[in-house]
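Please open the structure in your viewer and keep the selection panel at hand.

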Amino acid sequence: MTQQNFEEVVKIIGDDPKYRHFIDRIKKDFDNSKLKGIPVAMHAYFKKEGEENIGFCILSLSPLKMKQWEKTFKEEGWVGEDFKIDISSFELMYMYIKPGFRRKGKATQIFNKVIKRSKTLGIKSIYAYVSDTNNAALEFYRKSGAKIIHDFSDEAENISAAFMVWKLL
Ligand SMILES: CC(C)(COP(=O)(O)OP(=O)(O)OC[C@H]1O[C@@H](n2cnc3c(N)ncnc32)[C@H](O)[C@@H]1OP(=O)(O)O)[C@@H](O)C(=O)NCCC(=O)NCCS
C-alpha cells in the first residue's frame, strides 16, 4: 500500500460520521507497516465507478499476528489442537463501500478480485475479525463464503462480532 493509496482511502471515507474512525486506525496500521523490522505488509484494492473510487478493501500479510491468533483460537478451544494458520495467510483488515453504493454487489465485486489475486499469489487462507454495531459486514462475509471460527455476536446489544476464515483452495 502506498501513501497515494492511503490518501485515496481518506477521500473515499470522506466525512462519513460512522466510519471516520477507520482513517485513524488505517493510518496507524499503515505507519506500522512502514517501520523496518515489523513484518506487516498492507495491500489496498479499490472499486471504481466511472472515474471515482467508491470503495476499498485492505489486506495485510502479518505472520506474527497470525501466530497470535492461532494461539488464541487454541487456548479458547475454538479449534482443535492440530489447528495451524499458514504464516502466509492474509488478514482482511478493512472493507468499505460508500453509503450511496451499497447493496449493489460492489463489495462482492471487489472481494472476488481480492480472492483471485490472493490465489495468484499462492495465498491459501484469508482470516478476519469483524466487530460492528450492525450485521452488514458479518452478513456480507457469510454470504461471500467465510467460515465462522467463533461468533461473539450479542443481539440484545446489537453487536455483530466474529473471527472467520476463507479457504482459497
Ligand atoms: C459491509 C459492506 C462492505 C457491504 O458492501 P455492499 O457493496 O453493500 O455489499 P454487496 O452489495 O456486495 O452485498 C452482498 C451480500 O452481502 C449481504 N449484505 C450486504 N450488506 C448487508 C446488510 N446491510 N444487511 C444484511 N446483509 C447484507 C447480502 O447478503 C448481500 O446480498 P443481497 O444484496 O443480494 O442481499 C458495506 O455495507 C460497508 O461498507 N459497510 C460499512 C463498513 C463495514 O462495515 N466494513 C466491514 C468491516 S471492516
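Which atom of G105 lies 2.8 Å from an oxygen atom of the ligand? Select G105 together with the ligand: a backbone N or O atom of this residue is at that distance. Bear in mind throughout that the model is predicted.

Next, select R102 and K143. R102 places a polar side-chain atom 3.4 Å from a ligand oxygen atom. In K143, an N or O atom of the side chain is 3.0 Å from an oxygen atom of the ligand. The ligand on its own has 910 Å² of accessible area, of which the protein covers 80%.

Now extend the selection to the whole shell. The ligand is surrounded by 20 residues, and the closest are M95, I97, R103, G105 and T108. Colour strand 3 (90-97), helix 4 (106-120) and helix 5 (136-143), the elements that each contribute two or more residues to this shell. Helix 5 contributes the most, with six residues. If a pocket surface is displayed, the space that the ligand takes is the largest pocket.

Finally, move to Q3, which is located in helix 1 (residues 3-13).

Methods
Residues are numbered from 1 along each chain as its sequence is written. This is a predicted model: local features need pLDDT of at least 70, side-chain atom pairs count only at pLDDT 80 or more; totals for chains, interfaces and linings use all residues. Side-chain values use heavy atoms; hydrogens and water are left out. Helices (H or I, at least four residues) and strands (E, at least two) are DSSP runs, numbered from the N terminus. A residue is near a molecule or strand if one of its heavy atoms lies within 4 Å of it. A polar contact is a pair of N or O atoms within 3.5 Å; within protein, one must be able to donate a hydrogen and the other to accept it, and residues adjacent in sequence count only if both atoms are side-chain atoms. Accessible areas come from the Shrake-Rupley method with a 1.4 Å probe; for residues, only the protein chains shown count as cover. On a 1 Å grid over the protein atoms alone, a cavity is a set of points where a 1.4 Å probe fits but cannot get out, and a pocket is an open set with protein on both sides within 12 Å along at least five of seven lines; lining residues have an atom within 4 Å of a point. A molecule sits in a cavity or pocket if more than half of its atoms lie within 2 Å of its grid points.
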